[in-house]
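This briefing covers the charged side-chain pairs of one protein model. Side chains of opposite charge can pair when their charged atoms come close.

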Amino acid sequence: MTLSEYIDSVKSKSIAVIGIGVSNIPLIKLFLKKGIAVTACDKCRREAYDNQSLLLELEALGATLH
């Protein structure tokens with residue numbers, strides 16, 4: 001299965017991503033830009049997250065953050 005086929009197969013689903021770190025940020029953005037609903041969860045509390053602007057960017061793209 002290609003990446004394009006995979007993205008097409010999950011378009012009608014909601015995706016959960018565990019961890020809002022360096023390796024998952026591009027994945028979250030990719031899903032959001034393709035119109036896929038994303039809930040991203042991280043063990044770090046929002047207030048303690050170093051990059052607040054990134055969190056705002058992900059929310060502006062449509063992500064739900066927990």
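The model is predicted: local features need pLDDT of at least 70, side-chain atom pairs count only at pLDDT 80 or more, and totals for chains, interfaces and linings use all residues. Residues are numbered from 1 along each chain as its sequence is written, and side-chain values use heavy atoms, with hydrogens and water left out.

**Salt bridges in total**
- Three salt bridges turn up in a search of the whole structure; the term means a side-chain nitrogen of Lys or Arg within 4 Å of a carboxyl oxygen of Asp or Glu.

**Glu-57 and Lys-29**
- Glu-57 and Lys-29 form a salt bridge through their side chains, at 3.2 Å from N to O.
- This pair links distant parts of the chain, 28 residues apart: Glu-57 is in helix α3 (residues 52-61) and Lys-29 in helix α2 (residues 25-33).
- Helices (H or I, at least four residues) and strands (E, at least two) are DSSP runs, numbered from the N terminus.
- Glu-57 is partly exposed at 36% relative accessibility, and Lys-29 is partly exposed at 21%.
- Buried means under 20% relative accessible area, exposed over 50%, and partly exposed in between (1.4 Å probe, protein chains only).

**Glu-59 and Arg-46**
- The side chains of Glu-59 and Arg-46 form a salt bridge at 2.8 Å, N to O.
- Glu-59 is partly exposed, with a relative accessible area of 32%; Arg-46 is partly exposed at 32% relative accessibility.

**Arg-45 and Glu-47**
- A salt bridge joins the side chains of Arg-45 and Glu-47 at 3.2 Å, N to O.
- Arg-45 and Glu-47 are both exposed.
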